Amino acid sequence: MWNSAAISVCFAASLVAQDGLRVNFPADSPVSVVSSGWGESRAIPRGGAYMVDVRTSLKLKNNSRLRLRGISLQVSSQEVAAGGKASVSVPSLDVYPGQEFPVKIDLRLLQPNSGSSPSLVQVQLDGVLFEDMSFFGPNRLGSRRQLTAWELEARRDRQHLKLILARQGDDALRRAMVDILARENSRPKLDVRMARSAAALPNARSIETAFLSQPGIPVEGVKAVAVSAGNQLQILELAFANRDKREVRSIELGLLVRDQEGREFAAGSLPATLTMKPNGTASVQPSASVTLNRPQGIPLKVENLTGFVQQVEFANGDLWVPPGSFRDAARLAKVIPGSLEEQRLADIYRRRGVEALIEELNRQ
Amino acid sequence: MKHLDESQIALASRGDLSGFANLRARLHLTFCKTCRDRVAEYRQDQQRVKSAVAAFELPRSMKWDELEAEMFGNIRLGLEVEEIHRDAGQVSPVVVQHEAMSWRGLAAAGAMTAIVITGWFLTGPGAQSYLRHGPSAIAQVRSGAVVLRGDEHGVGLENRGTGLMLRNVSAPAGRFEVSLDGSVRASAVDQDSGQVTVSQVYVE
Amino acid sequence: MSTSSVPNSSPSAAERELQDRFVRENLRRVFALIYRIVGNVADAQDLTQDTFIKALQRKDQLKDGDKSAQWLGRVASNTAIDFLRRKARVNFTEIDSLPEPLPDPSERRADEEMLRAEEAAYLDHCLEALSVRERTALVLRDVEDLPASEVAAILGCSPATVRSHIANARTKFRAIYEQRKEAQ
């Protein structure tokens, strides 16, 4: 049973299969696959199971007439990890028509040693977003909303940094990037474990809740009921009011928690499908409890929960994200992570300096 | 006759008084039925404490069988990690940081009677620092038998002995977030292409 | 495409079997001990795992059945107390409250089962009423059967102090248990 030597011989042979990776894009997809393959891979026998590591780089091509801004791929493997899905997305792209671009996938599969060959890995297109915010793809994983939100945030943050550069020069841009990097490094991290269950928390007590003041917001939080028991938190009800003229389809709420010492932490987000006509209201009752610990396992006793609306999707397909000024308050900038674009631009600055950053900002 | 005080009786019930106090108590108990009866009650308490400790009850959302299986799997995993370090001729970190290891263990599948190890992040660039120091934080979502997990090295999804993990495409630690509708996301910037890649796992 | 296998110097099948049996025979007891010290399931789980991983590397200690079980109890206690000390930054006496709530005793089952469950819940209540120090000293002395001198060494206090903790724990337990009897 634990004869690992025999297992490793067996599976080293079976991994030579040439069709281990299947990339399925629709026939009419504006993005095509130029090349794909297992790439580097290895099999690691471990007792009664084996792990397969796959590092692959897909080469894709933009066959449309528009610049491509983002792509989402669904990654799956037959009979592995049923009950869940996985995806790889690359936002903040700028791929010209006819241009090729890479998408890297670093994947590990775990399979019981049942004697059969390794599972096939499938990569399917979930969606692509173009410069005019048009979208193509089956959208099974909600990538349309996600890619659109990321693109809106990216444009917002690039514009913000361009303004700093234009009004205050290179040094100001440099200082802004240093602030971003410093905040990222010092952002307090939290261990968040969530269980999807409607069971009530025993010995729970009500905690103070609030919504951040966000002027001009299309959907306002009007009620939040939450309880905590030690380091466990349960949000019982959230209610919202639609202040916009458009019908709302869904929102995403960011969550902040505060502990007994007054320290604040970002505790994840809560998407909610809410149909709200203009001036209408709606509520949700999330069925989940969350256990929060500081790193090193120190329980975080939740005293206060604050919500802020970080995304609104309208029934007509429009999407709203908060303006850049939303995180201007020092307290929020320290706690709420910046956008993916901010992460990308900060990395450019960190590795290649302000000149490379300016070149990147001017490119788009 | 002055009786033993309550503390003395409590300690005498298991011979925990020291030196002279012990001798005096034993002499007193020879003659005093009242104190002997009290000592007997304390001795019964020892059995009650033993049974209370043995009969602990988990919170209602948890089952001992599942917890036991998970711990068994993780212990086996931790021992496997030690073997890897020995293979590599490295000094063992001795103990896998407990911060990391709350994967579910598994029951037998097919002809196997052993528990399948769910051991991710075992080898590869992030593994050694991960094993020595543990991640700085994690995000985890559990829904039935499905467990999602994310940390600065990537995200993973596991269900009954099978798993799929998407690791960050580059060595520098990325960022990760949990969404309370049942998904975990990690993002990192690829050092080769400069692209930011987002890996996400969802509960269906 | 290239594939490679990682070299594997696993213990023999017989050794693994022994390890697995050792874990199975002692897992619940060790978990219960640690759970009573640290007071919550998540930490108890992680520390239990750590305990066995440490213990199973000391093959010399595992040969004698009874002695190894007692030795395992010491490793478990030390692991749990070291954890509490790290958490409290030296003085683990600062940790008094338990984050893990007791199960709701309002869940009732019939007849004898109900009585048994009620008794178990009340004994739990008696234990939970003790401070962490008192409960730890009581569990190490009266459940793990460690000599008082050893309990003192594990807790990092003098023998006189540990006797005081043990006495307080036993008298409090008795007092709370007797309250219930009087109420019935």
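Predicted model: local features only at pLDDT ≥ 70, side-chain atom pairs only at ≥ 80, totals over all residues.
A residue counts as buried here if 20 or more other C-beta atoms lie within 10 Å of its own, as exposed if 12 or fewer do, and as partly exposed in between, with C-beta atoms placed from the backbone. Residues are numbered from 1 along each chain as its sequence is written, and chains are lettered from A and ligands numbered from 1 in the order in which they are written.

**The chains**

Helices (H or I, at least four residues) and strands (E, at least two) are DSSP runs, numbered from the N terminus. Two residues are in contact if their C-beta atoms, placed from the backbone, lie within 7 Å. Here is how the three chains look in those terms.

| Chain | Residues | Helices and strands | Buried |
|---|---|---|---|
| A | 364 residues | four helices, 21 strands | 46% |
| B | 204 residues | five helices, seven strands | 51% |

Along its sequence, chain B runs α-α-α-α-α-β-β-β-β-β-β-β. Chain C reads α-α-α-α-α-α-α.

For chain C, 63% of the contacts between residues at least 6 apart join residues at least 24 apart.

**Nonpolar cores**

A nonpolar core is a set of buried Ala, Val, Leu, Ile, Met, Phe, Trp, Tyr and Cys residues joined through C-beta atoms within 7 Å. The largest one has 96 residues, and A:V257, A:A267 and A:L292 have the most contacts inside it. Which residues does A:A267 contact, leaving aside its neighbours within four places in sequence? The partners are A:L190, A:V192, A:L255, A:L256, A:V257, A:V290 and A:L292. There is also a second, separate core of 58 residues, which includes C:V23, C:L130, C:V139 and C:F173.

**Helix against helix**

Two packed helices are described by the angle between their axes and the distance between the axes. Axes are lines fitted to C-alpha atoms, for helices over the stretch in contact, and angles run from 0 to 180 degrees between N-to-C directions. Angles under 35 degrees count as roughly parallel, over 145 as roughly antiparallel, 65 to 115 as roughly perpendicular and the rest as oblique.

One pair joins two chains: helix α3 of chain B (residues 33-54) packs on helix α5 of chain C (residues 132-143) at about 105°, with the axes 10 Å apart. That angle makes α3(B) roughly perpendicular to α5(C). On the α3(B) side the residues are B:Q46, B:V49, B:K50 and B:V53, and they meet C:L138, C:V139, C:D142 and C:V143 in α5(C). By type, this contact splits into five nonpolar, one polar and two charged residues. Here Ala, Val, Leu, Ile, Met, Phe, Trp, Tyr, Cys and Pro count as nonpolar, Asp, Glu, Lys and Arg as charged, and the others, Gly among them, as polar.

Another pair sits within chain A, where helix α2 (residues 143-186) and helix α4 (residues 340-363) pack at about 50° with their axes 10 Å apart. The two are therefore oblique to each other. Their contact residues divide into 16 nonpolar, no polar and ten charged.

**A few single residues**

In chain A, A:T56 lies in strand β4 (residues 49-62). A:T56 is buried, with 21 other C-beta atoms within 10 Å. Its C-alpha atom is separated by 8.2 Å from that of A:L107, 51 residues apart along the chain.

Two loop residues have a positive phi without being glycine. A:S92, with phi near 55°, has its place in the loop between β6 (84-90) and β7 (100-112) of chain A. Is A:S92 buried or exposed? With 27 C-beta neighbours inside 10 Å, A:S92 counts as buried. A:M133 has a phi of about 70° and is found in the loop between β8 (121-130) and β9 (135-136) of chain A. A:M133 is partly exposed, with 15 other C-beta atoms within 10 Å.

Over in chain C, C:N26 lies in helix α1 (residues 13-38) and is buried, with 20 other C-beta atoms within 10 Å. Not counting residues up to four places away in sequence, C:N26 touches C:A69 and C:L72.
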